[in-house]
Amino acid sequence: MSDILIVDDERDIRELISDILRDEGYATRLAANSDEAVAELNAGEPALMILDIWLKDSKMDGIDILKQVKRNNPDVPVVIISGHGNIEIAVAAIKQGAYDFIEKPFNIDQLLVVIRRAMEASRLRHENSTLKRGETRATEMLGNSAAFRRLREQLDKVAKSNGRVMLTGEPGAGKEIAARFIHALSPRARESFVTVSCATIEPDHMEEVLFGRETEGRGVEPGLLEQAHGGVIYFDEVADMPLGTQPKILRVLTEQQFQRSGGTDKVRVDLRVISSTNRDLTAEISAGRFRQELYDRLNVVPVAVPSLSERREDIPMLAEHFIEQFHTNQGLPQRALPEETSAALQAMNWPGNIRQLRNVIERVLILGDGSGPIQPSELETQGGASSSGDALALGPQITSLALREARELFEREYLLAQINRFGGNISRTAQFVGMERSALHRKLKSLGVVGGVRVEDEVTGK
């Protein structure tokens, strides 16, 4: 929340401070004792707290409340006020994490100055923490293929809502990039984006990593859920989440609160949840490895992220982007990408999708010769993906055929590779291979492959 919580046992003081702050444009909430203060904190985290040290008829005094706030809501700045002010109380409050101490009767202008500084300091700390985690970096979605445009339209729509999103797709297809893109366009863009790598966290440690822990020796250690408060928690490869952890995550999604391991306090969180998987979760549910209830909670808005083979048109753009990126970030040579090399990349198989393409470009730039244009031969030399033309190697499959049959096999494979390269656009394929569009249609029909060609892009002119 963006309001200020005022905790004071004197009604006149509470209402006076509230009236002053409301005149300055702030929203306020009021509490007269420790029970009301804790209830307000559990209802929602305030932007700032004004706390009286001495609270009549309360289970906790101001210092006790301050300790709890710093433990459960460490980002909330607390301004201590007291009518019995002395240097010992001020020092004790500052040691426990208070932003400042003001003695009653206070000067209104002084109070407003302290509040503005406290909220600005809190904002700067949050932004600095976010920058250190690299969560505010620009998220680039690159592509122009029909499959990419469909994905982009879906992401634009879901970004504006607060609905939970389930991203599905092959490994390396860019599911995390899609999740970060949703975050960057959402109302939570200035808040945290925290990734939970379900496949890499040891099952025995999963709950401590997610929920945090409290120990006598080390105090409070916030978990990933707490770190994501106000922002987005991204469950990467959620199918790998341990079965025992799943009902606890389901409870968090339902109640928006949890307890740290070893702790007793309820920690409230405001989260948007995005998940991803490369598995069939319905099959995982049938096998008893994933809970149906959790799937129903996470799969509110399903979005399929296309594989690189479904968006071959985008490969040259992505490759040039990686070349520029490696040049800027690592000082690798900024080599040109000739058309024949782009064509070779588009004709290859990419089981590892965008991640594999990025790795191949990096290897070429590191191990390649000189700084001249990248040649097609370097792709295989540096571990590039297998070409879709492998079936045409002079082995038994082709050498056992008569010349006419071998020629038909070559033409079929070659034309299908070019059609895939241009995203199913027959007009662009015909232009590249040097045929009239009608002649290409006749050729495809004679080779028996017309039924497998997508021609919607030709009709729309995309």
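## Parallel sheet

Two strands are taken as paired if DSSP finds at least two bridges between them; strands (E, at least two residues) and helices (H or I, at least four) are DSSP runs, numbered from the N terminus. In this predicted model, local features need pLDDT of at least 70 and side-chain atom pairs count only at pLDDT 80 or more, while totals for chains, interfaces and linings use all residues. Residues are numbered from 1 along each chain as its sequence is written, and side-chain values use heavy atoms, with hydrogens and water left out.

Five strands form an open sheet with parallel pairing, in the order 2-1-3-4-5. Strand 2 (27-31) and strand 5 (100-103) are at the edges with a single partner strand each, so one side of each is left without a neighbour in the sheet. Direction ignored, neighbouring strands of this sheet are turned by 20 degrees against each other on average; axes are lines fitted to C-alpha atoms, for helices over the stretch in contact, and angles run from 0 to 180 degrees between N-to-C directions.

Five bridges join strand 1 (residues 3-7) to strand 2 in the parallel sense. Asp3 has Ala27 of strand 2 as its bridge partner, and Val7 stands opposite Ala31 in strand 2. The chain passes from strand 1 through helix 1 to strand 2 in a right-handed β-α-β crossover, that is, with the strands pointing away from the viewer, the path from the first strand over the helix to the second runs clockwise.

Contact denotes heavy atoms within 4.5 Å. Helix 2 (residues 34-43) packs on the sheet and touches strand 1, strand 2 and strand 3; its direction makes about 140 degrees with that of strand 2.

## Helix 3

Buried means under 20% relative accessible area, exposed over 50% and partly exposed in between (1.4 Å probe, protein chains only). The buried residues of helix 3 (residues 62-72) are Gly62, Ile63, Ile65, Leu66, Gln68, Val69 and Asn72.

## Nonpolar cores

A nonpolar core is a set of buried Ala, Val, Leu, Ile, Met, Phe, Trp, Tyr and Cys residues joined through side-chain atoms within 4.5 Å. The largest has 31 residues, of which Val196, Leu225, Ile233, Phe235 and Ile249 touch the most other members. Helix 10 (246-255) is among the elements that each supply at least two residues of this core, and helix 10 gives the most, with four residues.

Apart from this core lies another, of 21 residues, including Ala31, Leu41, Leu66 and Ala90.
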